[in-house]
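I opened a notebook for this chain. My plan is to look up a few things and write down what I find.

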Amino acid sequence: MNKYRDFFNAYVAGYDTESAWIWRKHEHTIRVADNCRVLAEDLQFNAYNAELAELIGLFHDIGRFEQWRVYQSYSDDKTIDHADLGVKIIKENGILAEHPDYELILKAIYNHNKFKIDAKITDDRELTFCKLIRDADKLDIIREFVSGDLKLPQDGETYSIKALNEIAKHKLLNRKAHVDSVDVSLTALALFNDIYFDYTRRCIREEFLLEKIVELYIESDPAQTNLFRQLERFIKEQY
Ligand SMILES: [Fe+2]
């Protein structure tokens, strides 16, 4: 695993590491790779599969660095899908080409940020890794939101009832349908509707991540307190 970590660090060193934006994605990646490892151990993967999980975590956001260099933005909706870009970079540079699970790695990376996992993926093992990277990534994103990264609406902006209803129906918010609207900030809440594994649910419960995010929303728009409490209850039904 060390050789992959070294490769990843050398790859990132080719970008502007003085930039806090680049550094942030580097740190996110390391935490997600660690989450993948812990999840894999919780699922009692063998040593080979646990390493594979960690590897997918390490490369899942490889497209972020080039995305930032070209666009100075991490908005996939306004620039390019960073997972598609990551897969392209891996292929073009012959990264991991010798790995026995090369195709699985590409599928997991490609699907990590999609609204839904591609329905054409039906193989259990492939699906498990696709789900694992999505949980590991979401867990870190939720923790980032809780520690201050949540973009809340400015004065006078309100959430749409349509978006709140989507979340209440246990759905993920389709970002593409909410670009440029204040509803994008509700994405954080929608993430809780797309969790696959007990380990992730346990972290969410034990760290009170849902409760903390709901508090942030209520603070930003106290008039909607009841609505957010209701959403919190809807989401909790799944935990
Ligand atoms: Fe990503």
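Which residues are buried in α12? I found Phe228, Leu231 and Ile235 buried there. For me a residue is buried if 20 or more other C-beta atoms lie within 10 Å of its own, exposed if 12 or fewer, and partly exposed in between, with C-beta atoms placed from the backbone. These three residues cover an arc of only 55° around the axis, which puts them on the same side of α12. The arc is that of the directions from the helix axis to the C-beta atoms. I noted the general rule too: an α-helix has 3.6 residues a turn, so residues three or four places apart point the same way.

Before going on, I noted that this is a predicted model, in which local features need pLDDT of at least 70, side-chain atom pairs count only at pLDDT 80 or more, and totals for chains, interfaces and linings use all residues. Residues are numbered from 1 along each chain as its sequence is written.

**Entry: more on α12**

I looked at the face of α12 turned away from its buried side and found the exposed residues Asn226, Arg229 and Arg233. The cover over the buried residues of α12 includes α8 (161-168), α9 (187-190) and α11 (209-220). I then checked the length of α12 (residues 225-236): at 1.5 Å a residue its 12 residues should span 16 Å, and its end C-alpha atoms are 16 Å apart, so the two agree. The expected span of a helix is 1.5 Å times one less than its number of residues.

**Entry: the whole chain**

I counted 12 helices and zero strands in the chain. Helices (H or I, at least four residues) and strands (E, at least two) are DSSP runs, numbered from the N terminus. The C-alpha atoms fill a box of roughly 55 × 40 × 30 Å along the principal axes. A compact globule of 239 residues would have a radius of gyration near 18 Å, and the chain has 18 Å, which agrees. That radius is taken over C-alpha atoms, and the globule rule is 2.2 Å times the number of residues to the power 0.38. Buried residues make up 32% of the 239 residues. Of the contacts between residues at least 6 apart in sequence, 58% join residues at least 24 apart. Two residues are in contact if their C-beta atoms, placed from the backbone, lie within 7 Å.

**Entry: two domains**

How is the chain divided? I have domain 1 (1-149) and domain 2 (151-239), with bounds that come from an automatic or database domain assignment. Their centres, taken over C-alpha atoms, are separated by 24 Å. The contact takes 15 residues from domain 1 and 17 residues from domain 2. On the side of domain 1 that touches domain 2, α2 (20-42) and α7 (124-149) each supply at least two residues. The largest share of that side, 10 residues, comes from α7. By class, that side of domain 1 has eight nonpolar, no polar and seven charged residues. Here Ala, Val, Leu, Ile, Met, Phe, Trp, Tyr, Cys and Pro count as nonpolar, Asp, Glu, Lys and Arg as charged, and the others, Gly among them, as polar.

I listed the buried residues of α3, which are Leu52, Ala53, Glu54, Leu55, Ile56, Gly57, Leu58 and Phe59. Their cover includes α1, α2, α5, α6 (102-111) and α7. α3 has 13 residues and reaches 19 Å from its first C-alpha to its last, close to the 18 Å expected.

In α4 (residues 63-71) I found Gly63, Arg64, Phe65, Gln67 and Trp68 buried. They pack against α1 (2-13), α2 and α5 (82-92). Gln72 follows α4 and has a positive phi, near 45°.

**Entry: loops**

Where is Gln44 found? I located Gln44 in the loop between α2 and α3 (47-59). Its phi is near 60°, a positive value in a residue other than glycine. Gln44 has 8 C-beta neighbours inside 10 Å, so it counts as exposed.

Phe208 is in the loop between α10 (198-206) and α11. I read its phi as near 50°, again positive in a residue other than glycine. With 12 C-beta neighbours inside 10 Å, Phe208 counts as exposed.

Ser19 lies in the loop between α1 and α2. Ser19 has 14 other C-beta atoms within 10 Å and is therefore partly exposed.
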